Amino acid sequence: MAESNEINRRLAAILAADVVGYSRMMGADEAGTLTSLKRHRESVFNPIVAVHKGRVVKLIGDGTLVEFGSVVDAVKCALAIQRAVKSEAQPNSIVLRIGINLGDVIIDGDDIYGDGVNVAARLEPLASPGGVCVASIVNESVGSRIDVRFTDGGEVTVKNIERPIRVWKWHPESDAVSGQPVEAQPARAPSEQPSIAVLPFDNMSGDPEQAYFSDGITEDIITDLSKIAGLMVIARNSSFAYKGKSFDIRTVGRELGVRSVLEGSIRRAGNRVRITAQLINAETGGHVWADRYDRDLTDIFEVQDEVTRQIVDALKVALTPAEKARMSGDGGIASVEAHDCFLKGREIMSGLIKSREAYEKAREQFERAIQLDPGYGAAYAGLAAVYGFYYNNRWSDDPSASLRRADELALQAVALAPNDPYSHYVLSYTAGYSRDFPRSKAAVDKALELSPNYPDALVSRGARAIYSGNAAEGIPSIELAIRLDPAGASQSLHFLGFAHLMIGNYETAAAHFRERVRLSPQTDLSRALLASALGHLGRVEEARQIWRELMNINPAYSFTAHMNRQPFVDSMESDKIAAGLAKAGLPD
């Protein structure tokens, strides 16, 4: 692959920790201090970081820099570390100061840089010995999802940071003051829940155009595994980010936060197919299980079921009776040729190109699948999704008719394939935009009952909460979706920012919308919501600049029209967004 000069960025929570009085301790007892620091890292700091899914980026003398995908995980980690240190305190023991920020970071190999890191490093010295100091965006973002309340430390000006920072502080002594003492969390091994990423199977057919088939089989295996509540399964978007690249399995495991990785290859020739698969321990790189299947093409669904069963057995995952029943069956597929068309349509919709022309090609594939197999429920769901995009993106001369057609097809899909989570997910989308809110909620709940690891359905549940006026309730579902599908987080970030905007966490909302805009530069609605958040924050010129970008992208954009088709249960909810735009002097 050609090298890219593009800067790799992402939004992350950064924890910076430093030892209090380290120079004094080294001067008094160098060997003893180094031994204590090593013991502290091995027995307290590193295990607690692992429990909370953090990544130690680097050690800088007595300091440590840690990256988290979740700001809640970062704060809970800091609280656990400081409580553990307090509970084990002895003369001359290690005491830390910790600072936490949520912000944009630049990725350079395994290292990170940028303002997000710099602010965390500036916050750390402001913490009391044994305490934690966080930026206002962190305090705002975690809200009531932790067991403490931070104390307002006011605005501070720190070196090399242009804007004053409002800081919030906590110390373990405040646990006792609050009358609700919390036991220190012991250092534990990482969670024992089995977790897996299924990498795209290599296409060994000698025909690049057959890649859709190997990709489709991979996605079907991911879908089958995602139906198991006791197994955490990384979504397609994030697994497929490694397609065509050289990598170390241990790196994949670390980046995706999984213990196991499945990889393999597929060779299709005429009516025969050969599939090889191997399950690898992502922590050691060692093989756990491997097998090869030489079958007729008509047996492909049996092979998928067999691979899934062997993975479940190898990972020692306990299945409920309902999960065992769902693990077999092909969702009502009677025609391999129809399934082939479905895979082609799904591959188009999963691609980077989101255009009317691309979706027209997907529509043709789904319609062909239905012609070949009129009872194939998932094909109806795929076609419903196409018409849903026609409606939402105004790719139709009659958007309302497109929405009605989408809803009709989704209902057919569920009737034909009642155990297909994808069909229920699509129905939740079409019912929501059709303003049938109870049916939308019931559909997304059913999708997640059938497939607990389904990121799109998790985002749909979060969005349903936002549109129902219960935005705070939707945040955990959206954050879990990002954990399961970090590479496909663009849409999730939009709704995460949306949720924070609706509950008044404007600084947090702005951070998530900025990340969404970076990942999806052509987005218009995320820019409109970002402008609203900035307006609420009083950052008028920034809001107007974002609005100018929006109008350059979509000169015909109408905020009012866009809001009118958002599926709010109470249309007055959108007034909160319009109020932010009004504060910036922008049209509503």
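Analyst: Buried means under 20% relative accessible area, exposed over 50% and partly exposed in between, with a 1.4 Å probe and protein chains only. This is a predicted model, so to speak: local features need pLDDT of at least 70 and side-chain atom pairs count only at pLDDT 80 or more, while totals for chains, interfaces and linings use all residues. Residues are numbered from 1 along each chain as its sequence is written, and side-chain values use heavy atoms, leaving out hydrogens and water.

User: Where does S260 lie, and what is it in contact with?

Analyst: S260 is in strand β12, residues 260-269. S260 counts as buried too, at 7% relative accessibility. Beyond its neighbours within four places in sequence, the contacts of S260 are S195, I196, A197, L279, I280, A282 and L315.

User: What about loops? Where do H52 and Q566 lie?

Analyst: H52 lies in the loop between α2 and β2 (54-60), and H52 is buried with a relative accessible area of 7%. Its C-alpha atom is 8.3 Å from that of F68, 16 residues apart along the chain. Q566 lies in the loop between α24 (559-564) and α25 (575-583). Q566 is buried as well, with a relative accessible area of 4%. Not counting residues up to four places away in sequence, Q566 touches Y433, R435, Y467 and L525.

User: How do I read a whole helix? Which residues in α17 are buried?

Analyst: An α-helix has 3.6 residues a turn, so residues three or four places apart point the same way. In α17, the buried ones are F437, S440, A443, V444, A447, L448 and L450. Down the axis of α17, these buried residues fall within an arc of 165 degrees (taken from the directions from the helix axis to the C-beta atoms), so they line one face of the helix.

User: Now pockets. What volume does the second largest pocket have?

Analyst: A pocket is an open set of points on a 1 Å grid over the protein atoms alone, with protein on both sides within 12 Å along at least five of seven lines; lining residues have an atom within 4 Å of a point. Its volume is the space filled by probe spheres set on the points, which are joined across faces, edges and corners. The second largest pocket comes to about 1,100 Å³. Of its 32 lining residues, L102, D115, R163, E507 and R539 are the closest to the centre.

User: Which element gives the most to the lining of the second largest pocket?

Analyst: That's α21, with six residues. Each of β1 (8-19), β4 (96-108), α4 (115-123), α5 (136-142), β8 (165-170) and α21 (506-519) supplies at least two residues of this lining.

Notes
Helices (H or I, at least four residues) and strands (E, at least two) are DSSP runs, numbered from the N terminus. Contact means heavy atoms within 4.5 Å. On a 1 Å grid over the protein atoms alone, a cavity is a set of points where a 1.4 Å probe fits but cannot get out, and a pocket is an open set with protein on both sides within 12 Å along at least five of seven lines; lining residues have an atom within 4 Å of a point.
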